[in-house]
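Me: I want to learn how to read salt bridges in a model. Can you take me through one case?

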Amino acid sequence: MPIAAMGEKDESEAIESGRALRDDFAKHPDKDFTFIEYPNASHALQAPDKPHLQDYVASLADWFKRQRPAPR
């Protein structure tokens, strides 16, 4: 899993699970992993003051652009 995002107030999955995943990958710097936590946002990445879904899609697109093709 190269990139994951969660809302801090996710009602489907506790944010601690995302943080644990982030911390586990931090122990393996050779693995390319990005975790994005959106403050005060729900599972749909919606916060009372801002929808974050478009931000996530933009981050995902940027991540894919930075990836190199696999060697053949």
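Reply: Gladly. Keep in mind that this model is predicted.

Me: How many salt bridges does a search of the whole structure find?

Reply: The search finds three. The general idea is a distance test: a Lys or Arg side-chain nitrogen within 4 Å of an Asp or Glu carboxyl oxygen.

Me: Which residue does Arg19 meet in a salt bridge?

Reply: Glu37. The N to O distance is 2.7 Å. Arg19 sits in helix H1, residues 15-26. Glu37 sits in strand E2, residues 34-38.

Me: Which residue does Arg22 pair with?

Reply: Arg22 forms a salt bridge with Asp23. Their closest N and O atoms lie 3.0 Å apart.

Me: And which residue does Asp55 meet?

Reply: Lys50, with 3.0 Å from N to O.

Me: How do I read exposure for these side chains?

Reply: Under 20% is buried, over 50% is exposed, and partly exposed lies in between. Arg19 has 25% relative accessibility, so Arg19 counts as partly exposed. Glu37 also has 25%, so Glu37 gets the label partly exposed.

Me: What are the values for Arg22 and Asp23?

Reply: Arg22 is at 34%, which means partly exposed. Asp23 has a relative accessible area of 39% and is partly exposed.

Me: What about Asp55 and Lys50?

Reply: Asp55, at 28% relative accessibility, counts as partly exposed. Lys50 is partly exposed too, with a relative accessible area of 37%.

How values were computed
Residues are numbered from 1 along each chain as its sequence is written. This is a predicted model: local features need pLDDT of at least 70, side-chain atom pairs count only at pLDDT 80 or more; totals for chains, interfaces and linings use all residues. Side-chain values use heavy atoms; hydrogens and water are left out. Helices (H or I, at least four residues) and strands (E, at least two) are DSSP runs, numbered from the N terminus. Buried means under 20% relative accessible area, exposed over 50%, partly exposed in between (1.4 Å probe, protein chains only).
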